[in-house]
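Here is a short report on a ligand site and on a pair of packed helices. Have the structure open as you read.

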Amino acid sequence: MSIPVTLIPGDGIGPSITDATLRLLAAAGADIEWDLQLAGTAAVQAVNDPIPDATIDSIRRTKVALKGPLETPVGKGFRSINVALRKAFDLYANVRPAKSVLPGLRFDGVDIVLVRENTEGLYIGVENYIKIGDDAHAAAQSIAVVTRFGAQRIHRYAFEYAIAHGRRRVTLVHKANILKYSQGLFLEVGRKIAREYKGRIEVEERIVDACAMELVMRPERYDVIVTTNLFGDILSDLTSGLVGGLGLTPGANIGNEAAIFEAVHGTAPDIAGKGIANPTAVMLAAVQMLDHLGQGERARQIKTAVEGVLRDKKTVTGDLGGSATTEQYTDAVIARL
Ligand code: NAD
């Protein structure tokens with residue numbers, strides 16, 4: 001029986017890289033019934049709403065979505081749809097793996113899974129300006145909220161993920177030395193949860209700045225990282241860079257009621273419409289999705305084909321130093337299946 005999945009092609013390079021991924025999934029024999037929906041700028045243009053009810057209803061029904069990147073206007077216009085979707089479905093865990101596959105990079109042997117708290121911290125959207133005299137923007141404040149509930153479930157998710165995936169160590173990344181309350185609570189809860197896994201999973205702690213330095217000095221020593229929203233956002237781009245760039249890293253947004261799979265990268269407006277975008281990140285997001293849907297074997301087949309083409313490095317896109325188009329690269333992966 002085919003599995004219903006919501007498809008949001010997204011903006012910029014989104015439609016071309018999700019198309020490529022659908023072609024790959026079909027070639028691999030994945031029996032999926034796609035429910036095409038809009039969000040972001042494409043939805044504003046079509047129905048004047050960045051996040052139409054039909055899209056929300058579809059995800060509520062299918063419980064799983066594959067999503068292309070969505071454009072968010074900087075500093076004005078509608079708020080991030082990605083953040084809104086994470087809130088709407090309480091997608092509290094953002095899982096971003098980064099693995100060395102491509103040859104000839106500065107680093108080898110990187111295999112990091114970053115688990116980012118996805119619903120709290122500085123991303124809750126509580127911000128305001130403070131007017132002083134006639135300067136309406138004399139000051140600005142953004143509030144970070146960490147709750148015991150939120151910190152508990154993300155740490156538990158990270159440790160359970162580590163066990164389920166045969167990982168050996170979890171690093172708790174924080175800034176509790178300066179942000180003693182919000183980051184302090186996150187760390188306090190993390191330490192408590194970690195004790196429950198004693199003897200099964202190794203635990204260590206890193207202050208985020210030291211972690212950033214060590215990630216570019218000795219990335220191969222990291223295994224699973226768990227951290228708050230903003231640090232996770234920044235460090236996951238960093239870990240993408242260690243393995244060949246944003247074109248390669250997928251992300252799963254997981255909640256109890258639904259899950260949305262996407263690339264870590266954005267809409268790449270500089271290369272949109274040129275047919276040269278790298279679809280790997282969305283392809284690997286689809287691999288995470290198949291795993292989530294209990295189709296582990298098919299997921300492995302697709303991942304092996306993608307990694308094979310990357311390892312050969314003969315038919316890769318421009319961001320990886322090659323000259324293949326999105327279509328040529330996709331053909332090469334399909335041929336490898
Ligand atoms: P970006 O990730 O779109 O692009 C950064 C750089 O990486 C660009 O040079 C781009 O060409 C390159 N790049 C990204 N993906 C690539 C791919 N698949 N193949 C080849 N090259 C690729 O980041 P940005 O320019 O800061 O953001 C553009 C827009 O995307 C913004 O509106 C931002 O809000 C949005 N965005 C959305 C998401 C999401 O939907 N999850 C994530 C990040 C950014």
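In this predicted model, the side chain of D270 places an N or O atom 2.8 Å from an oxygen atom of the ligand.

| Side chain | Ligand atom | Distance |
|---|---|---|
| D270 | oxygen | 2.8 Å |

How much of the ligand does the protein bury? On its own, the ligand exposes 810 Å², and 69% of that is buried by the protein. The surrounding shell holds 20 residues. L70, N82, G266, A268 and D270 are the closest. By class, the shell has nine nonpolar, six polar and five charged residues.

Now the helices. Helix α7 spans residues 208-217, and helix α8 spans residues 229-242. Their axes lie 10 Å apart, at an angle of about 10 degrees. Angles under 35 degrees count as roughly parallel, so α7 and α8 are roughly parallel to each other. From α7, the contact uses V208, C211, A212, L215 and V216. From α8 come F231, L235, L238, T239 and L242. Nine of these contact residues are nonpolar, one is polar and none is charged.

Key: Residues numbered from 1 in each chain as written. Predicted model: local features only at pLDDT ≥ 70, side-chain atom pairs only at ≥ 80, totals over all residues. Heavy atoms only, no water. Near = heavy atom within 4 Å. Polar contact = N/O pair within 3.5 Å; in protein donor to acceptor, adjacent residues only side chain to side chain. Areas by Shrake-Rupley, 256 points an atom, 1.4 Å probe, with all protein chains shown as cover. Nonpolar A, V, L, I, M, F, W, Y, C, P; charged D, E, K, R; others polar. Axes fitted to C-alpha atoms, helices over the stretch in contact; angles between N-to-C directions. Helix = DSSP H or I, 4+ residues; strand = E, 2+ residues; numbered from the N terminus. Parallel < 35°, antiparallel > 145°, perpendicular 65-115°, else oblique. Contact = heavy atoms within 4.5 Å.
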